[in-house]
Amino acid sequence: MPVHYGERLRVTYSWWRDFRANGPRDEFRECERMSTDRIDIRHVARLARLALTDDEIRTFGPQLGSLMTHVDALRELDTESVAATAQVVPSRNVQREDTVKPEIMLSREAALRNAPQAQGGFFRVPRILSEDG
Amino acid sequence: MDPIRDTARAIAREVNARAVSAADVANAMIAHVERADAGVAAFLQLTPDLMLEHARRADARIAAGERLPLAGVPVAIKDNMCLEGTRTTAGSKILESFTAPYTATAVARLLEAGALPVGKTNLDEFAMGSSGENSAFGLTRNPYDLERVPGGSSAGSAAAVGGFQATISLGSDTGGSIREPAAFCNVVGFKPTYGRVSRYGLIAFASSLDQIGPFARTVDDAALVYDAIAGKDPMDATSVDLAVEPAAGATREDLRGVRVGLVKEFALDKLDAASRASYEAAYADLERLGAQLVDVELPTADYGLATYYLIAPAECSSNLARFDGVRYGLRVEGADVGEMYERTRAAGFGPEVKRRILIGTYALSSGYYDAYYVKAQKARTRIAADFARAFERCDVIVSPAASSPAFRFNAKSDPVTMYLMDYYTIPGSLAGLPSLSVPCAPAIPEDGDRPMPMGLQMTSPLFTERALLGYAHAFEAATQYAKRLTPAKVENASA
């Protein structure tokens with residue numbers, strides 16, 4: 001459990017109460033202050049394969065913190081004996097015959113037509129393994 | 001017949017009767033749309049050649065004795081749906097040069113029904129936004145006040161129909177992206193049950209929520225489009241194999257015997273006075289039509305936003321992993337493949353998309369997965385259960401579609417403030433329910449001096465689209481609110 005849990009929760013409760021009572025407002029300073037630095041935005045960006053500028057890190061860091069503070073309101077909702085919903089309609093394990101259907105396949109040419117680089121019928125990518133890897 | 005202002009039903013009737021040809025309709029729309037779109041900028045691309053080609057095809061089929069439900073009807077297509085041979089960008093620089101290699105099922109079904117593609121419409125990048133301001137390719141303006149947003153994410157599809165630059169259009173709705181812009185642009189916007197319409201060829205944002213649906217200027221036209229696009233598609237395993245009862249023409253004129261639920265948690269006292277008056281009038285209209293108004297509760301509705309802003313970004317971060325500079329779209333070179341990925345994505349995605357990828361990646365990352373993603377999925381179960389309970393007491397739930405009329409550009413600079421725009425639409429999306437917005441009484445915005453469109457949201461149980469469209473038709477027929485407004489003159493455009 002992250003630290004400051006009780007404090008964040010208190011702020012979040014009051015924010016939702018305020019929203020319920022007064023509707024949307026433009027100021028979220030209180031929650032912004034709570035954004036803390038608990039999220040390592042550089043680490044998350046690396047996981048997402050997203051190069052961020054210093055400016056973006058300064059902007060997205062607090063915004064992400066602020067949003068996560070809002071979503072922490074979910075903690076107060078009892079989901080103890082509740083199953084997770086991945087999707088809402090009744091289909092389960094839809095399968096099709098394991099056969100090739102040329103009429104619904106893209107030709108190799110069509111599949112490569114949007115490729116930034118293609119060579120010999122394949123997608124071309126930069127070197128994947130470094131010399132020491 | 002007026003090919004620009006008439007309904008889809010009227011155009012199709014005339015074209016099927018060969019009173020006018022589809023080619024005539026196409027030529028009229030082509031001549032009209034370029035000038036009409038100069039101020040609104042609903043379109044990223046016009047497709048006059050394709051429009052004429054489909055018009056010729058429709059005319060030939062009708063000459064051979066066929067009857068086409070959307071014969072000669074001009075349709076605009078949100079640019080996150082593939083149309084073979086046309087550029088399909090999803091409003092993103094990363095797909096700026098992408099040419100669709102096939103056609104989305106919903107689009108193909110419309111064209112097969114005789115509709116004519118006017119062009120591809122602007123949207124918030126990858127359908128992420130509530131105002132239309134997140135497109136990489138410029139702003140679309142609200143046809144009823146060019147200084148205001150059209151709503152999002154289906155900005156151009158709503159604006160094109162509201163501004164008479166297409167008769168009908170296709171949008172996609174993940175958390176309100178059809179209903180909110182429909183409310184802002186004076187049109188009917190309809191999100192069918194999740195799984196009713198194939199998502200094949202729709203560029204994915206959040207796959208457990210995304211659903212394609214129509215915009216139209218009448219409920220009956222929206223129903224005509226729904227009838228053409230709904231139904232099982234073998235190319236989308238999540239499309240549902242249930243018979244689709246035709247909804248068009250199955251219209252009702254009153255609401256006698258219908259129990260209409262008003263949600264306690266959606267009490268109108270949160271709204272500004274003008275918006276509140278519009279919805280109070282709408283509820284009175286429903287009662288006058290014979291509906292029995294009942295109070296229902298959705299105790300978990302207030303958790304909708306928090307739940308959505310975990311689930312949707314999580315699915316988006318996973319779906320958008322495919323944009324890596326290898327198979328399609330932008331590539332920015334790097335020393336190795338990892339650097340190429342990072343630079344490509346940094347250059348190709350706009351700020352809102354990056355923000356959501358970061359939120360989703362964080363929520364799915366090791367150590368937080370159960371606390372955030374699984375918790376949100378469980379909250380989703382409770383929200384759906386609340387709706388199921390509410391529908392034991394009522395047939396349809398009504399609420400505001402948005403908390404205000406269209407706002408001015410740059411009015412909501414804080415992301416969370418923008419996310420709050422979806423407050424009323426998100427719970428129904430999480431439950432997968434069919435939901436629509438139908439015009440109600442125009443209201444003067446707090447920061448304006450003339451009336452702007454408003455939308456009444458109606459939401460019904462899973463797979464009850466036909467009944468839902470019937471209720472909306474009764475409301476529309478009795479009130480005719482959309483006809484109180486006319487689009488701003490393009491000549492007044494300040495841009």
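How many residues does H4(A) have, and how far does it reach from its first C-alpha to its last? Legend 1 has the answer.

Before the close-ups, a quick note: this is a predicted model, where local features need pLDDT of at least 70, side-chain atom pairs count only at pLDDT 80 or more, and totals for chains, interfaces and linings use all residues. Residues are numbered from 1 along each chain as its sequence is written, while chains are lettered from A and ligands numbered from 1 in the order in which they are written.

**Legend 1. A look along helix H4 (54-71) of chain A.** H4(A) has 18 residues and reaches 26 Å from its first C-alpha to its last, close to the 26 Å expected at 1.5 Å a residue. (The expected span is 1.5 Å times one less than the number of residues; helices are DSSP runs of H or I with at least four residues, strands are E runs with at least two, and both are numbered from the N terminus.) Residues of H4(A) that are buried include Phe60(A), Leu64(A), Met68(A) and Val71(A). Here buried means 20 or more other C-beta atoms within 10 Å of the residue's own, exposed means 12 or fewer, and partly exposed is in between, with C-beta atoms placed from the backbone.

**Legend 2. Where chain A meets chain B.** The contact takes 50 residues from chain A and 61 residues from chain B. (Two residues are in contact if their C-beta atoms, placed from the backbone, lie within 7 Å.) H4(A) gives the most to chain A's side, with seven residues. By class, that side has 34 nonpolar, eleven polar and five charged residues. Nonpolar covers Ala, Val, Leu, Ile, Met, Phe, Trp, Tyr, Cys and Pro; charged covers Asp, Glu, Lys and Arg; the others, Gly among them, are polar. For the complex, the predictor gives an ipTM of 0.90 and a pTM of 0.92.

**Legend 3. Val337(B) and its contacts in chain A.** Val337(B) sits in helix H10 (residues 337-348) of chain B. Leaving aside neighbours within four places in sequence, Val337(B) is in contact with Val125(A), Pro126(A), Arg127(A) and Ile128(A). Val337(B) is partly exposed because 17 other C-beta atoms lie within 10 Å.

**Legend 4. Asp37(B) in helix H2 (residues 22-40) of chain B.** Asp37(B) has 24 C-beta neighbours inside 10 Å, so it counts as buried. Apart from neighbours within four places in sequence, Asp37(B) is in contact with Ala42(B), Phe43(B) and Gln165(B). The C-alpha atoms of Asp37(B) and Ala159(B), 122 residues apart along the chain, are separated by 9.5 Å.

**Legend 5. Inside the largest nonpolar core.** Of its 186 residues, Leu70(B), Val75(B) and Leu110(B) touch the most other members. Helix H9 (residues 304-319) of chain B supplies the largest share, nine residues. (A nonpolar core is a set of buried Ala, Val, Leu, Ile, Met, Phe, Trp, Tyr and Cys residues joined through C-beta atoms within 7 Å.)

Legend 6. (Two strands pair if DSSP finds at least two bridges between them.) Pro400(B) has Leu456(B) as its bridge partner, while Ala443(B) stands opposite Met452(B).
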